[in-house]
Amino acid sequence: MSRHPIETPDGAPVSVIIPTLNAADTLGPCLGALGEAVMDGVIRELILVDGGSEDAIEAVADDVGAVFLKAPRGRGSQLAAGARIAQGSWLLFLHADSVLGVGWAAAIRAHMQQTPDRAGYFRVRFQSEAQMARITAGWANLRARVFGLPYGDQGLLISRTAYDAIGGFPEIPLMEDVALVRRLPRRPRAIPVVIETSAERFERNGWIARGAGNLWRLVRYLLGASPERLAQRYDR
């Protein structure tokens, strides 16, 4: 593990944790969006947790002043590893292909001050002009609001106290986001900022096929299917 602290004010509350896997060429927009929170004194540290990349991700981490460490491949394992070393009183988990919208730093500062007992997530939008992109995002935001089940690509802001109280991320290869938020004593609250995320998997597999597959995996998981078994077909 290497540590190259970002120059932030003492007492900044948020540790940003991002799992990576061959993301060196695509991580730029995600990191760029963090700049406003560094200037606003919100971010204490940035932690990149790599799951076995074959690219220059460690050099990227060094360039941006991030903490870099390696963990067994799988978002559950990587996120849990990052959280273990995080020093912030709040943890913000992001996917490497998600980009926070302008104004997010002020929005999470308000969330931390006004609802410190609630986890938070963002309203997702896909990086696509397709009509199905808007429909799929609408369903995702509805699922998060009505059922309290935001996925990881919507980001997750949670206090260190709450994270530790529920046992943190389980080290499983899939559904780690659902497993964690289901243990929260109260439903996470929507933070009024958009987070844009990649549409690559949907465009590759088809919006309807990918969306139906994601829903079927969720149902199977809730009915007791093994995350390991579900993960075998996730990227196909």
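Guide: Let's go label by label, with the rule next to each value.

Guide: First, the ground rules: this is a predicted model, where local features need pLDDT of at least 70 and side-chain atom pairs count only at pLDDT 80 or more, while totals for chains, interfaces and linings use all residues. Residues are numbered from 1 along each chain as its sequence is written, and side-chain values use heavy atoms, with hydrogens and water left out.

Visitor: Why is glutamine 78 called buried?

Guide: Buried means under 20% relative accessible area, exposed means over 50%, and partly exposed is in between (1.4 Å probe, protein chains only). Glutamine 78 has 4% relative accessibility, so it counts as buried.

Visitor: Where does glutamine 78 lie, and what is it in contact with?

Guide: Glutamine 78 is part of helix α4, residues 75–85. Helices here are DSSP runs of H or I with at least four residues, strands are runs of E with at least two, and both are numbered from the N terminus. Contact means heavy atoms within 4.5 Å. Leaving aside neighbours within four places in sequence, the contacts of glutamine 78 include Pro19, Val49, Asp50 and Arg73.

Visitor: What makes glutamate 171 and arginine 84 a salt bridge?

Guide: The rule asks for a side-chain nitrogen of Lys or Arg within 4 Å of a carboxyl oxygen of Asp or Glu. For glutamate 171 and arginine 84 the N to O distance is 3.0 Å, so the pair meets the rule. This pair links distant parts of the chain, 87 residues apart: glutamate 171 is in the loop between α7 (160–165) and α8 (176–181), and arginine 84 is in helix α4. By this rule the count comes to 6 salt bridges.

Visitor: Why does arginine 84 count as exposed, and what does glutamate 171 count as?

Guide: Arginine 84 has 58% relative accessibility, so it counts as exposed. Glutamate 171, at 47%, counts as partly exposed.

Visitor: Which strands hold arginine 125 and glutamate 196?

Guide: Those two side chains meet in a salt bridge, 3.1 Å from N to O. Arginine 125 is in strand β6 (residues 120–126) and glutamate 196 in strand β8 (residues 189–197), 71 residues apart. Arginine 125 has a relative accessible area of 43%, so it is partly exposed; glutamate 196 is partly exposed too, with 27%.

Visitor: How far apart in the chain are arginine 204 and glutamate 200?

Guide: They are 4 residues apart, about one turn, and both lie in helix α9 (residues 200–205).

Visitor: How do you know that the span of helix α10 agrees with its number of residues?

Guide: The expected span is 1.5 Å times one less than the number of residues. Helix α10 (residues 207–222) has 16 residues, so it should span 22 Å; its end C-alpha atoms are 23 Å apart, which agrees.

Visitor: What puts the buried residues of α10 on the same side?

Guide: The buried residues are Trp207, Arg210, Gly213, Asn214, Arg217, Leu218 and Tyr221. They cover an arc of only 140 degrees around the axis, so they sit on the same side of α10. The arc is that of the directions from the helix axis to the C-beta atoms. On the other side, Ile208 and Trp216 are exposed. The buried residues of α10 pack against β6, α6 (131–147), α8, α9 and α11 (227–231).

Visitor: What makes the phi of asparagine 22 worth a mention?

Guide: Most residues other than glycine have a negative phi. Asparagine 22 is not a glycine, yet its phi is positive, about 50 degrees. Asparagine 22 is found in the loop between β1 (14–20) and α1 (28–32).

Visitor: Why is strand β2 called mostly covered?

Guide: In strand β2 (residues 43–50), 7 of its 8 residues are buried.

Visitor: How do you know that β1 and β2 pair?

Guide: Two strands pair if DSSP finds at least two bridges between them. β1 and β2 have 7 bridges, in the parallel sense, so they pair by that rule. Isoleucine 17 stands opposite isoleucine 47 in β2. β2 also pairs in the parallel sense with strand β3 (residues 67–70), over 4 bridges.
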